[in-house]
Amino acid sequence: MSKVIAPGKKTLFSDEILQDPYPTYARLHEEGPLHYVDAGSKWSVWSIFSHAECASIAKDPRLSAKRAKQMLLPLPLSRQGEFSELARMFGLWLIFMDPPEHTRLRKLLNKGFSPAAVEGLRPQVEAIVDQMLKPLQQGSEFELMHEFANPLPVRIILEMLGIPHELRDTFVDWSRAIAMFRGNPNRTVEDARAAQDALIELTEFFRKTVAERRRNKGNDLISLLIDIEEEGEVLTEEELYAQCIALLFAGHETTRNLIGNGMYTLLQNPQQTAELREKPEMIRSAVEELLRFESPVQFTARVLKEDIEVCGQPIRKGWTVLCMLGAANRDPKQFKEPNQLDLKRLNNQHLAFGAGLHFCIGAQLARLEGQIAILNLVQRFPQMRLTGPRPVWASTFGLRGLESLRVIL
Ligand code: HEM
């Protein structure tokens with residue numbers, strides 16, 4: 001392998017770029033597929049911007065998904081020790097596992113997310129959306145994130161787990177604390193503390209819930225996980241709680257942003273939105289395009305298991321690389337006119353759900369929720385428009401979403 005050089009750093013995770021990363025992505029695409037970027041206090045990281053390389057790295061067995069400890073690197077070295085429990089608890093999540101453990105668990109968990117299982121949820125999702133939107137008056141002011149995009153996905157995933165939806169607000173708070181740590185490249189010690197506390201409280205909650213559910217199993221995801229734990233060597237008790245937490249978190253923090261980012265994009269493109277309203281059959285390609293255009297997960301990470309070359313750059317074993325999924329989804333080598341929204345885009349091979357072994361297990365569920373939620377909003381409120389100050393993007397760049405989205409219905 002040729003010599004590893006110390007490259008010049010590029011700024012990517014500043015507040016300004018976070019508000020609109022696309023001009024920076026476009027400039028970096030022109031300069032090359034791989035960049036060394038400043039990622040928090042004293043941490044810099046190689047980041048892949050090209051669609052082809054992101055897709056191939058996600059499938060490369062020389063890279064590991066075990067990266068929970070690396071999430072502490074942006075914190076001051078002297079404080080990282082306080083959060084070993086946080087890294088340990090994250091490390092139990094499916095998304096941070098490698099084969100063969102990942103393969104065994106994923107195969108069993110797939111049952112809960114099969115096309116039939118997801119399609120079976122359609123009447124429930126439609127009923128919940130109807131219940132939430134029916135009382136709303138045309139012409140009234142509405143805060144779309146807090147009153148719709150946030151509560152909807154958490155309600156669905158709680159139903160799938162068999163947990164009463166009255167507990168929704170508590171879960172949203174815990175989930176936000178985890179997101180402020182996980183999705184934020186500039187994460188602080190305070191963010192780490194809040195995320196660690198939330199994970200401990202969630203673990204306690206699931207310890208009690210699982211014990212009760214063992215006595216009274218049903219057709220829900222917790223019962224499926226209990227079956228997996230009881231039937232074999234795949235899951236320990238603690239890993240079972242960890243998967244419950246991971247599903248709750250992943251089911252909520254991403255889909256809320258598909259709905260929020262999607263609606264914000266549509267409100268800025270009224271002609272295409274009007275066409276969607278008239279041709280509801282466009283909703284499938286429309287949601288794929290919204291996932292590409294304003295991707296809810298902007299990046300993911302992998303750790304090198306050995307020295308390798310990435311895009312011709314030698315990188316050392318143990319180093320982390322970021323796959324910039326949001327940038328890959330705007331790669332001009334993959335997409336014609338990548339910065340143009342095209343709700344009818346054909347052959348849209350976006351990477352919003354990742355690629356390879358860790359391809360999102362909830363992709364079909366997210367699509368179902370996104371399609372039903374967005375089409376209902378567009379059809380029921382044809383006059384909907386933005387109001388109030390310009391919406392602000394949250395600092396959780398990895399989980400890209402709006403703090404608030406005020407509209408007139
Ligand atoms: C628009 C919504 C969603 C987006 C954009 C999204 C995105 C992603 C991405 C990019 C990955 C791969 C990460 C990596 O390779 O490191 C992933 C994995 C995962 N997602 Fe999603 N997701 C969404 C919704 C959901 C939902 C609704 C659930 C479950 C209820 C879910 C559960 C998971 C899980 C468990 C994994 C890990 C899979 C594995 O490691 O095998 N996601 N998701």
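Which loop holds Leu351? The legends below start there, and the model they describe is predicted.

**View 1. Leu351 sits in the loop between α18 (325–328) and α19 (363–380).** Leu351 is buried, because 25 other C-beta atoms lie within 10 Å and 20 or more are enough for that label. Find Cys54 next. Leu351 and Cys54 are 297 residues apart in sequence. In space, their C-alpha atoms are 8.4 Å apart. Cys54 is also one of the contacts of Leu351, once neighbours within four places in sequence are set aside.

**View 2. Helix α13 (residues 221–231) has buried residues on one side.** Which residues of α13 are buried? They are Leu221, Ile222, Leu224, Leu225 and Ile228. These residues cover an arc of only 160° around the axis, so they are on the same side of α13. On the other side, Glu230 and Glu231 are exposed.

**View 3. Helices α12 and α13 cross at roughly 80°.** Their axes come within 10 Å. Angles of 65 to 115 degrees count as roughly perpendicular, and α12 and α13 therefore fall into that class. Which residues meet here? From α12 come Thr209, Val210, Arg213 and Arg214. From α13 come Ile222, Ser223 and Ile226. This contact has 3 nonpolar, 2 polar and 2 charged residues. Ile222 is also among the buried residues of α13.

**View 4. Helices α10 and α11 (residues 168–182) pack at an angle of about 105°.** Their axes are 10 Å apart. The two helices are therefore roughly perpendicular to each other. On the α10 side, the contact is made by Pro151, Val154, Arg155 and Leu158. On the α11 side, look for Arg168, Phe171 and Val172. What kinds of residue make up this contact? There are 5 nonpolar and 2 charged residues, and no polar ones.

**View 5. The largest nonpolar core has 115 residues.** Which residues have the most contacts inside this core? They are Ile48, Leu161, Cys244, Ile245 and Met324. Helix α14 supplies the largest share of the core, 10 residues. Now focus on Ile245. Apart from neighbours within four places in sequence, Ile245 is in contact with Leu199, Leu202, Thr203 and Phe206.

**View 6. Arg207 is in helix α12.** Is Arg207 buried or partly exposed? Arg207 is partly exposed, because 14 other C-beta atoms lie within 10 Å. Tyr241 is 34 residues away from Arg207 in sequence. The C-alpha atoms of this pair are 6.7 Å apart in space.

**View 7. Strand β11 (residues 406–408) holds Val407.** Val407 is buried, with 22 other C-beta atoms within 10 Å. With neighbours within four places in sequence left aside, what does Val407 contact? The contacts are Phe142, Leu144, Leu267, Met384, Arg385, Leu386 and Thr387. Asp342 gives another distance to check. Val407 and Asp342 are 65 residues apart along the chain, and their C-alpha atoms are separated by 23 Å.

**View 8. A cis peptide bond joins Pro99 and Pro100.** Its omega is about 5°. Where is Pro100? Pro100 is in the loop between α5 (84–90) and α6. Most peptide bonds are trans.

**View 9. Cys311 and Glu337 have positive phi values.** Most residues other than glycine have a negative phi. Phi of Cys311 is near 50°. Cys311 lies in the loop between β7 (308–310) and β8 (313–315). Cys311 counts as partly exposed, because it has 18 C-beta neighbours inside 10 Å. Phi of Glu337 is near 40°. Glu337 lies in the loop between α18 and α19, and Leu351 is found in that loop too. Is Glu337 buried or exposed? Glu337 counts as exposed, because it has 9 C-beta neighbours inside 10 Å.

Technical notes:
Residues are numbered from 1 along each chain as its sequence is written. This is a predicted model: local features need pLDDT of at least 70, side-chain atom pairs count only at pLDDT 80 or more; totals for chains, interfaces and linings use all residues. A residue is buried if 20 or more other C-beta atoms lie within 10 Å of its own, exposed if 12 or fewer, and partly exposed in between; C-beta atoms are placed from the backbone. Helices (H or I, at least four residues) and strands (E, at least two) are DSSP runs, numbered from the N terminus. The arc is that of the directions from the helix axis to the C-beta atoms. A nonpolar core is a set of buried Ala, Val, Leu, Ile, Met, Phe, Trp, Tyr and Cys residues joined through C-beta atoms within 7 Å. Two residues are in contact if their C-beta atoms, placed from the backbone, lie within 7 Å. Axes are lines fitted to C-alpha atoms, for helices over the stretch in contact, and angles run from 0 to 180 degrees between N-to-C directions. Angles under 35 degrees count as roughly parallel, over 145 as roughly antiparallel, 65 to 115 as roughly perpendicular and the rest as oblique. Ala, Val, Leu, Ile, Met, Phe, Trp, Tyr, Cys and Pro count as nonpolar, Asp, Glu, Lys and Arg as charged, and the others, Gly among them, as polar.
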